[in-house]
Amino acid sequence: MAFGTRAYKSVLAWGQGFWSLLEFAMQMCLIMMTGYILACSPPVRKLMDGVSGLSNPEKPYQAIVVMSFSP
């Protein structure tokens, strides 16, 4: 394989870009895991249950609005 061919350059570009994509993917996994762990913790769950009780059960759109603005 000659070092000036397109295929060789494509393989090099993919190899260099792969590691930055892997780094980004691991950061996103960490954010999702910590968010889930935090949401399942008893104090935050109690807070979310309290905030969700503020909406009227007859109007479901209120629950969506209230929960979208809560922490």
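Where is P57 found? P57 sits in the loop between α2 and α3. The model described here is predicted: local features need pLDDT of at least 70, side-chain atom pairs count only at pLDDT 80 or more, and totals for chains, interfaces and linings use all residues. Residues are numbered from 1 along each chain as its sequence is written, and side-chain values use heavy atoms, with hydrogens and water left out.

**Overall form**

The protein chain has 3 helices and 0 strands. Both kinds of element are DSSP runs, numbered from the N terminus: helices are H or I with at least four residues, strands are E with at least two. Along the sequence the pattern reads α-α-α. The radius of gyration of the protein chain is 23 Å, well over the 11 Å that the globule rule gives for 71 residues, so the chain is more spread out than a compact globule. That radius is taken over C-alpha atoms, and the globule rule is 2.2 Å times the number of residues to the power 0.38. The C-alpha trace spans about 70 × 25 × 15 Å along its principal axes.

Of the 71 residues, 6% count as buried. Buried means under 20% relative accessible area, exposed over 50%, and partly exposed in between, with a 1.4 Å probe and protein chains only. The chain exposes about 6,300 Å², and carbon and sulfur atoms supply 73% of that area. Accessible areas come from the Shrake-Rupley method with a 1.4 Å probe; for residues, only the protein chains shown count as cover.

**The loop between α2 and α3**

S55 is found in the loop between α2 (42-52) and α3 (60-69). S55 is buried, with a relative accessible area of 14%. Leaving aside neighbours within four places in sequence, S55 is in contact (heavy atoms within 4.5 Å) with Q62, A63 and V66. E58 also lies in this loop. P57 counts as exposed at 75% relative accessibility, and E58 counts as exposed at 68%.

| Pair | Residues apart along the chain | C-alpha separation |
|---|---|---|
| M32 and S55 | 23 residues | 27 Å |
| P57 and F24 | 33 residues | 40 Å |
| E58 and I37 | 21 residues | 31 Å |

F18 is found in helix α1 (residues 6-40) and is partly exposed, with a relative accessible area of 33%. M32 has its place in helix α1 too, and is exposed at 62% relative accessible area.

**Cysteines**

A disulfide is a covalent bond between the sulfur atoms of two cysteines. The rule used here asks for a pair of cysteine sulfur atoms within 2.5 Å, and the count comes to 0 disulfides. C29 is in no disulfide, and the nearest cysteine sulfur, that of C40, is 17 Å away. C40 is likewise in no disulfide. C29 is partly exposed, with a relative accessible area of 38%, and C40 is partly exposed at 31%.
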